[in-house]
Structure formats: C-alpha cells, structure tokens
Amino acid sequence: MHLLERRAARRRSLGFWLVATVLFLLMFAASAPSPLYVVYQGLWGFSPATLTAVFAVYVLALLAMLVSAGGLSDFVGRKPVLAAAIAVEAASMLLFLLADGVGWLYAARILQGVGTGLATGTISASLIDLERRPGFGALVNSAVPTAGLAAGALGTGLLVQYAPAPTRLVYALLLVAFVLTGLALAVMPEPVRRRPGVLRSLLPELGVPKRARLAFVVVLPSLMATWSLGGLYLSLGRSLVVEVLGVTAPIAGGLVIFLLMGTGSAASMLLRGRDSRTAIVAGGLFLAGGVGLLLLALALPSPALFFAGTVVSGFGFGTSFLGAFRTATGLAEPGSRAALVATLYTASYLSFSLPSLAAGLAATNLGLHPTATGYGLVVIALALTAVVATVRFARKTRDRTGESG
C-alpha cells in the first residue's frame with residue numbers, strides 16, 4: 001500500500017510540472033509573434049492598424065473561450081480539455097509555419113487565442129488540484145505566465161536577429177514542444193470526476209462562488225493595474241523606447257518586456273512565503289512607485305531611469321498578481337475552481353487588451369508621451385486603490401474572526 005501511495009504521489013508531481021510546462025509554452029507562444037511583426041510588415045506591406053487587428057482577434061478568441069469554456073474541465077475532467085487545447089495550439093503553430101500573407105496571421109492568432117483560452121482555466125485549476133503544498137499552485141500560476149511572456153519576447157527577438165529562417169524557426173520549435181507535451185499527458189492523473197451539466201457549463205457566466213465574491217472585488221483593482229501595465233508594454237513599449245527615449249537598438253523592445261515580465265516572475269518566487277495581503281500591499285506600492293519612475297524617465301528623458309522603473313514595476317506586477325490570485329482562489333471549492341480562475345483571467349485579459357487599444361487610439365490623436373503619462377497615472381491610482389481595499393478587507397475579516405471567537 002505504501003508503494004502505491006508513493007507511485008501516486010510521483011504521478012501527481014509529474015502531472016503538476018507537466019501542466020506548468022504547458023502553461024510556460026502557451027505564454028511563450030503568446031508573445032513570440034511580437035518581435036516578428038516588423039519582419040511580416042517588410043514582407044507583406046501591411047499597415048500598423050493591421051497589427052492592432054491581429055492582436056485584437058487573439059484576445060477576442062481567448063476571452064470567448066474563457067467565458068464559455070472556462071469551467072468545462074470541472075465537468076468533463078482536466079485532461080480531455082487540456083489535450084484539446086494543446087492540439088489547437090499545435091495547429092496554430094502549423095499555420096504560422098505556413099503563413100505567406102496576413103490572412104494566415106489572422107487565422108493563426110484566432111486559433112492560438114482559442115487554444116490558450118481553453119487551457120487557461122483548466123491549467124490554473126489543475127495546478128491547485130495537484131499541488132503538494134498549499135499555495136504552491138497559486139505561486140506557479142502567477143510566476144510561470146510572466147516568465148513565459150518574458151522568454152517569448154526576448155527569445156524570439158534573439159532568434160530573429162541571429163538564427164536562420166526568422167519567420168519559421170520559433171514556430172517549428174514550439175510545434176514540436178506542444179506535440180511532446182500532448183503525448184506526455186498520459187502520465188498526468190485526473191483530479192476531477194466527470195459529472196453532469198456539460199452543456200450548461202458552456203453558457204457564458206461569471207464563475208465566482210458566493211463566498212469568494214467580496215475577495216474578487218477587492219483584488220480586481222490589483223488585476224487591472226498589473227495587466228493594463230503589461231498591455232501598455234506589449235503594445236507601445238517599443239514605441240516609447242524609440243520615439244520618446246531615443247533608443248533605436250532592435251533588441252530594446254524585447255528587452256523592456258523581458259525586464260517587466262521576468263522581474264515579475266522572480267518576485268513571485270522570492271515572496272512565495274508571504275501571505276496574500278502582504279503580497280498585494282507590497283506589490284501595489286512597488287507598482288505605483290515603479291510607474292512613477294517610468295513617468296519621470298519619459299519626462300527627462302532618461303533611458304536608464306526607464307529601465308530601472310521597469311524593474312521596480314515588474315516586481316510590483318509579479319507580487320500583486322500572486323497575492324490577488326491566492327486571495328480569490330483560496331476561497332473556491334474544487335468543483336467551481338476552474339470557472340473562478342477563468343473569471344480571474346477574463347478580468348486580467350480585458351485589462352490587458354482594452355486599455356492598450358484605447359491608448360493606441362489616444363496616441364494617434366494626442367501624442368505618445370501625453371498618452372503614456374495619462375495611462376501611467378491611471379495605473380498608479382488603481383495600484384493604490386488595491387492597497388487601500390486590501391488593508392480594509394483584512395481589517396474587516398480580522399474583526400469578524402474576533403467577534404466569532
């Protein structure tokens with residue numbers, strides 16, 4: 001019996017790290033096209049507006065799957081949904097490989113959004129299901145996406161600059177990686193039993209359990225602040241570095257994304273032992289301070305200060321997201337966990353996409369520097385709101401606990 005328990009524990013651990021690997025690959029693939037858009041423009045001659053549209057269809061497809069199928073794995077099991085998502089993601093890599101025009105980019109990004117959206121809630125719930133230490137799944141859930149985004153932006157940029165076949169190589173490597181991880185799903189245990197209600201689960205709805213709703217509202221400003229800053233970097237980061245700061249090195253755009261997301265991932269690991277309230281408060285303060293440095297750097301202008309502010313903001317990004325994710329998911333029962341995680345990521349991706357699209361329109365009419373300044377002030381306000389809301393929520397919870405005791 002003891003031997004069977006050890007084997008089960010080993011399979012559980014292997015399954016956990018397999019799911020974490022899939023999450024990393026999904027995020028790597030999500031940021032991989034960014035350094036290639038300039039290459040595509042040179043080949044096919046499309047406008048910057050087309051780039052925005054290609055980005056938008058990815059986000060729309062992702063959100064559609066999150067809202068409609070975010071809780072599907074609570075009913076049919078984690079493994080079938082994860083296998084389907086990996087298959088769709090592999091198909092999108094194949095379309096990127098075959099692309100010879102902008103229409104292929106639209107199709108590839110739509111498929112990529114479908115695969116990522118289908119997998120997001122399932123992966124996040126699986127990490128919590130399979131964790132061996134409480135809170136470790138939430139830690140991986142917050143650290144790995146930022147690490148994947150950072151590696152995708154910088155890694156693809158390096159391949160474009162130094163490796164052959166810049167529009168093919170990264171997708172060929174990712175296609176192989178997705179096929180291998182799909183085959184490796186056989187070692188993953190299934191933590192969820194099938195139950196009726198599959199069709200009903202596909203109806204769009206917010207999957208926030210009643211006991212977690214107040215916590216969700218409290219962490220919402222933190223999600224909005226962190227992911228809206230990420231959206232600004234991915235959409236206008238390179239433009240800010242080149243047009244406002246005057247840094248024209250090709251790798252600079254990928255480097256600022258790497259610093260923001262990479263520091264965020266490192267912060268999640270460094271502060272993994274801290275409680276959720278401390279993480280949100282510290283993260284919000286670092287985020288507000290870092291964005292303040294960014295605004296000062298743009299006003300001077302100072303590239304060195306901009307990179308320093310990016311590192312400080314990244315620390316706040318990772319810490320805030322870790323605390324927010326732990327706070328909300330810690331109150332969900334296993335049977336409703338995937339739907340809640342999907343709701344958290346829906347809020348995150350809306351914050352990631354809509355403000356950045358609005359900033360792109362504003363920059364056209366008002367200018368890049370004024371737009372970035374206004375955007376940064378809103379992020380600072382959201383970060384400080386998250387700090388105040390978290391402190392008040394903690395006090396109220398402590399008072400109730402004292403009364404019940």
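Modeller: Let's start at P301, which sits in the loop between α12 (276–299) and α13. Helices here are DSSP runs of H or I with at least four residues, strands are E runs of at least two, and both are numbered from the N terminus.

Biologist: What makes the bond between L300 and P301 a cis peptide bond?

Modeller: Omega is about -15° there. Most peptide bonds are trans, and most residues other than glycine have a negative phi.

Biologist: Before we go on, what sort of model is this?

Modeller: A predicted one: local features need pLDDT of at least 70 and side-chain atom pairs count only at pLDDT 80 or more, while totals for chains, interfaces and linings use all residues. Residues are numbered from 1 along each chain as its sequence is written, and side-chain values use heavy atoms, with hydrogens and water left out.

Biologist: How many helices and strands does the chain have?

Modeller: 15 helices and zero strands.

Biologist: Why is T310 called buried?

Modeller: Buried means under 20% relative accessible area, exposed over 50%, and partly exposed in between, with a 1.4 Å probe and protein chains only. T310 has 0%, so it counts as buried. T310 belongs to helix α13 (residues 303–329) and, leaving aside neighbours within four places in sequence, is in contact (heavy atoms within 4.5 Å) with Y233, V256, L259, L260 and L294.

Biologist: And why does G314 count as buried?

Modeller: Its relative accessibility is 0%, so G314 gets that label too. G314 is also found in helix α13, and touches L260, T263 and G264, not counting residues up to four places away in sequence. G314 and G230 are 84 residues apart in sequence but 9.1 Å apart in space, C-alpha to C-alpha.

Biologist: What makes D74 buried?

Modeller: Its 2% relative accessible area, so D74 passes the cut-off. D74 is in helix α4 (residues 73–76), and its C-alpha is 8.0 Å from that of R195, 121 residues away in sequence.

Biologist: What makes V176, V179, L180 and L183 a patch?

Modeller: Patch residues have over 30% relative accessible area and no salt bridge; nonpolar side chains (Val, Leu, Ile, Met, Phe, Trp, Tyr) are joined within 5 Å, like charges within 9 Å. A salt bridge is a Lys or Arg side-chain nitrogen within 4 Å of an Asp or Glu carboxyl oxygen. These four make a nonpolar patch of about 390 Å², an area from the Shrake-Rupley method with that 1.4 Å probe, where for residues only the protein chains shown count as cover.

Biologist: What makes a set of residues a nonpolar core?

Modeller: They are buried Ala, Val, Leu, Ile, Met, Phe, Trp, Tyr and Cys residues joined through side-chain atoms within 4.5 Å. The largest such core has 110 residues, and F178 is one of those with the most contacts inside it.
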